[in-house]
Amino acid sequence: METEIESFSATTENERNVDEVLTVVLGETLKRRRLELGLSMEKLSQLSTVSRGMLGLIESGKTTPSIGILWKLSKSLRIPIGEMIPDLFAQSPRFIGANEGKRWISPKNTAESRIFYQEERDRLSIVEWKLTIGKVSQFNHLPSAFDIKIYQVIGKTKIKLKTKELVLGPADSAFFPIAELEFVENEFLEESKFLWIASKKAR
């Protein structure tokens with residue numbers, strides 16, 4: 001009985017993590033489309049009748065929109081609902097094993113990244129990061145990108161940008177141009193785990 005309870009708990013945790021990833025990716029996809037059309041958040045709010053606050057929560061990956069809100073955004077952004085959801089969803093069912101994806105491990109084994117999703121032409125890439133301690137300031141091993149969104153899953157991460165310094169805790173996220181990033185660092189006692197969502201500049 002104890003084994004069954006442990007198995008159920010692990011499944012529930014995995015499902016929760018998958019839901020979080022999908023929510024974050026959906027928010028990033030919608031934001032990228034809004035920027036492609038040159039719309040401010042205020043303008044999209046007017047066009048879609050979805051509040052600016054709700055749009056902010058969706059784009060930051062903090063809430064999953066209802067089908068009604070998706071339908072409104074679909075009309076306003078002139079994009080089918082199916083295209084709002086990238087191949088990560090469309091190729092369902094899809095299983096990504098814990099050992100799949102291109103890995104990079106720092107020389108002192110203090111940092112590890114795993115690319116577990118890339119859209120065609122690297123328009124959108126999702127990288128899982130683990131930092132035990134220390135900082136990373138070189139990102140040449142990752143897919144090329146213009147904008148980065150970091151979504152913190154476990155622990156804390158310090159993000160040093162040229163203009164400011166951020167500390168992310170679980171469920172926090174940050175969005176910035178890659179050119180602004182100087183380093184990511186874990187100077188805390190517990191392991192840091194976050195998602196690095198990279199998108200190329202809209203053309």
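Mentor: Let's start with a term we'll need: two strands pair if DSSP finds at least two bridges between them. Keep in mind that this is a predicted model.

Trainee: Thanks! How many helices and strands does the secondary structure of the chain come to?

Mentor: The chain has 203 residues, and 41% of them are buried. Its secondary structure comes to 6 helices and 10 strands.

Trainee: Which residue stands opposite I148 in β8?

Mentor: Strand β5 covers residues 147-154, and it pairs with β8 in the antiparallel sense. That pairing runs over 5 bridges, above the two that a pair needs. Across from I148, the residue in β8 is F176.

Trainee: What is the order of the strands in the open sheet of 6 strands?

Mentor: The pairing in this open sheet is antiparallel, and the order is β1-β2-β3-β10-β5-β8. The edge strands, each pairing on one side only, are β1 (102-105) and β8 (173-177). From one strand to the next, the twist averages 20°. To come back to your question, the strand order reads β1-β2-β3-β10-β5-β8.

Trainee: Let's move to β9. How many of the residues in strand β9 are buried?

Mentor: Strand β9 runs over residues 181-186 and is mostly covered. Buried here means a relative accessible area under 20%. By that cut-off, the count of buried residues in β9 is 5 of 6.

Trainee: And what is the bridge partner of K135 in β9?

Mentor: Two strands are worth looking at beside β9. Strand β6 (residues 157-161) pairs with β9 in the antiparallel sense over 4 bridges, and I159 stands opposite V184 there. Strand β4 (residues 134-136) also pairs with β9 in the antiparallel sense, over 3 bridges. For K135, the partner in β9 is E185.

Trainee: Now the helices. Are α2 and α4 roughly parallel or roughly perpendicular to each other?

Mentor: Two packed helices are described by the angle between their axes and the distance between the axes. The axes of α2 (residues 41-48) and α4 come within 9 Å and cross at roughly 110°. Angles of 65 to 115 degrees count as roughly perpendicular. So α2 and α4 are, relative to each other, roughly perpendicular.

Trainee: Which residues in α4 do L44, L47 and S48 in α2 meet?

Mentor: α2 passes α4 in a right-handed crossing. Helix α4 spans residues 67-77, and its buried residues include L73, S76 and L77. Just after α4, R78 takes a positive phi of about 55°. The α4 residues that L44, L47 and S48 meet are K72, L73, S76 and L77.

Trainee: One last stop: is V24 buried or exposed?

Mentor: V24 lies in helix α1, which covers residues 2-36. Leaving aside residues up to four places away in sequence, V24 touches G61, K149, Y151 and I197. Its relative accessible area is 0%, and the cut-off is under 20%, so V24 is buried.

Trainee: What distance separates the C-alpha atoms of V24 and G61?

Mentor: G61 is among the residues that V24 touches. The two are 37 residues apart along the chain, yet their C-alpha atoms are separated by 3.9 Å.

Technical notes
Residues are numbered from 1 along each chain as its sequence is written. This is a predicted model: local features need pLDDT of at least 70, side-chain atom pairs count only at pLDDT 80 or more; totals for chains, interfaces and linings use all residues. Side-chain values use heavy atoms; hydrogens and water are left out. Buried means under 20% relative accessible area, exposed over 50%, partly exposed in between (1.4 Å probe, protein chains only). Axes are lines fitted to C-alpha atoms, for helices over the stretch in contact, and angles run from 0 to 180 degrees between N-to-C directions. Angles under 35 degrees count as roughly parallel, over 145 as roughly antiparallel, 65 to 115 as roughly perpendicular and the rest as oblique. A crossing is left-handed if the near helix is turned anticlockwise from the far one by less than a right angle, and right-handed if clockwise. Contact means heavy atoms within 4.5 Å.
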